[in-house]
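Subject: The two-chain model, and what turned up in it

Hi,

Here is the structure I promised to pass on.

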Amino acid sequence: MEIINFTPLSAFIGGILIGLAAFLLLLLNGRIFGISGIVSQIFSKDRDNRSWRISIVLGLLAGAFLIHLFIGTPEKMETVSNMRLIIGGILVGIGTRLGSGCTSGHGVCGISRLSMRSIMATLNFMVWAIITVSIFGSGFSN
Amino acid sequence: MRFISVLRTFSIALLFGAGLEISQMNRPRKVIGFLDVFNQWDPSLIFVMIGAILTNGLLYMIFIKKGRIDKERGPLFASEFMLPQKKKGDFPLFIGSALFGIGWGLSGFCPGPALSGLFRLQSELILVAISIIAGFLLYEVSQLVKKN
């Protein structure tokens, strides 16, 4: 193992903002900041009040865009092959619904509340993701 | 009042989106770099999680769990805390989180970054966002089929 591209400071600062947002959504709106749950229920049949869910999506976009404008993050993202994006994306969609959460809901919110379910889910998806990358490779040429 | 509540929620999500872009978690290379433990490893993602969990966890313990904002009064602008009711791990949790992990490792995207990075209007990002939403819809369909 060799350590590369390590950016602990920006990672930590970004993490603080994410944690603060998660806390504020619970304190003010009484909601868990679980993005898969919030977004998927825009399309669900038993939807309650869509407007706050759509505000979340727009806020996420606007926040990322503002930082992009201010500090000039890359214009274009390097991605893996389209096949990996499609299959991976569909599995992310199904898996987060079946497993009631993703990196935000289980990883950030659940672990902060010391939820056993979220700790188990987070360890489980991390392990499977590491296994997947070790089998299929990073998907980047260099 | 409706406008204020939308603006409040929007502003909270703005912080989250900013955090994703600052920490570069919108970049699949950073995410897959973290997952590529046995090759060339980029540990940054752990620091995002530590920053987020410390901040959220401490504030939660102080202001919500320990009852400064007591559970009876609930959140400031809603009637009650909508917390998950299930406490124990079950079969769907394990299968679901495993499928999510495989998808995350393949694509380098989880739902937040896939959406917040969409301002780039890049075709690959649109493709992964649509695929994730297709996954959500497939799940909904499977639930409908199960019911009938």
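What follows is a quick tour of what I found, starting with where the chains meet.

One thing to keep in mind: this is a predicted model.

**Where chain A meets chain B**

How many residues does each chain bring to the contact? Chain A puts in 109 residues and chain B puts in 107. Together they bury about 10200 Å², and carbon and sulfur atoms give 75% of that area. Three residues, A:F23, A:M77 and A:R117, supply 7% of the area that chain A buries against chain B, which is more than any other three residues.

Between the two chains, 29 residue pairs are in polar contact, counting pairs with both residues at pLDDT 80 or more. Which parts of chain A supply the side that touches chain B? Strand 1 (2-3), helix 1, helix 2, helix 3 (50-71), helix 4 (82-98), helix 5 and helix 6 each supply at least two residues. Helix 1 of chain A gives the largest share, 21 residues. Sorted by class, that side of chain A has 62 nonpolar, 37 polar and 10 charged residues.

The rule also finds four salt bridges across the interface. One to look at joins the side chains of B:R29 and A:E78, at 2.8 Å from N to O.

The chains even share some strand pairing. Strand 1 of chain A runs parallel to strand 1 (residues 40-41) of chain B, over two bridges. Look for A:E2, which stands opposite B:Q40.

**Helix 5 of chain A**

Now zoom in on helix 5 (residues 103-112) of chain A, where nine of the 10 residues are buried. Its buried residues pack against helices of both chains: helix 1 (8-29), helix 2 (35-40) and helix 6 of chain A, plus helix 1 (2-22), helix 3 (44-65) and helix 4 (91-107) of chain B.

A:S112 is part of this helix. Buried or exposed? A:S112 counts as buried because its relative accessible area is 3%, under the 20% cut-off. Leaving aside neighbours within four places in sequence, A:S112 is in contact with B:A52, B:I53, B:N56, B:G57, B:Y60 and B:M61.

**A:N124 in helix 6**

A:N124 sits in helix 6 (residues 116-136) of chain A, and it is buried, with a relative accessible area of 15%. Beyond residues up to four places away in sequence, A:N124 touches B:F94, B:S97 and B:A98. With B:S97 there is also a polar contact, side chain to side chain, at 2.9 Å.

**Some positive phi angles**

Just after helix 5 of chain A, A:L114 has a positive phi of about 55°. A:S100 has a phi near 50°; it lies in the loop between helix 4 and helix 5 of chain A and is partly exposed, at 42% relative accessible area. B:Q24 has a phi near 65° and lies in the loop between helix 1 and helix 2 (28-35) of chain B.

Happy exploring!

Note on methods:
Residues numbered from 1 in each chain as written. Chains lettered and ligands numbered in written order. Predicted model: local features only at pLDDT ≥ 70, side-chain atom pairs only at ≥ 80, totals over all residues. Heavy atoms only, no water. Helix = DSSP H or I, 4+ residues; strand = E, 2+ residues; numbered from the N terminus. Buried < 20%, exposed > 50% of the residue type's maximum accessible area, 1.4 Å probe, protein only. Polar contact = N/O pair within 3.5 Å; in protein donor to acceptor, adjacent residues only side chain to side chain. Contact = heavy atoms within 4.5 Å. Buried area = accessible area lost by both parts, 1.4 Å probe. Nonpolar A, V, L, I, M, F, W, Y, C, P; charged D, E, K, R; others polar. Pairing = 2+ DSSP bridges.
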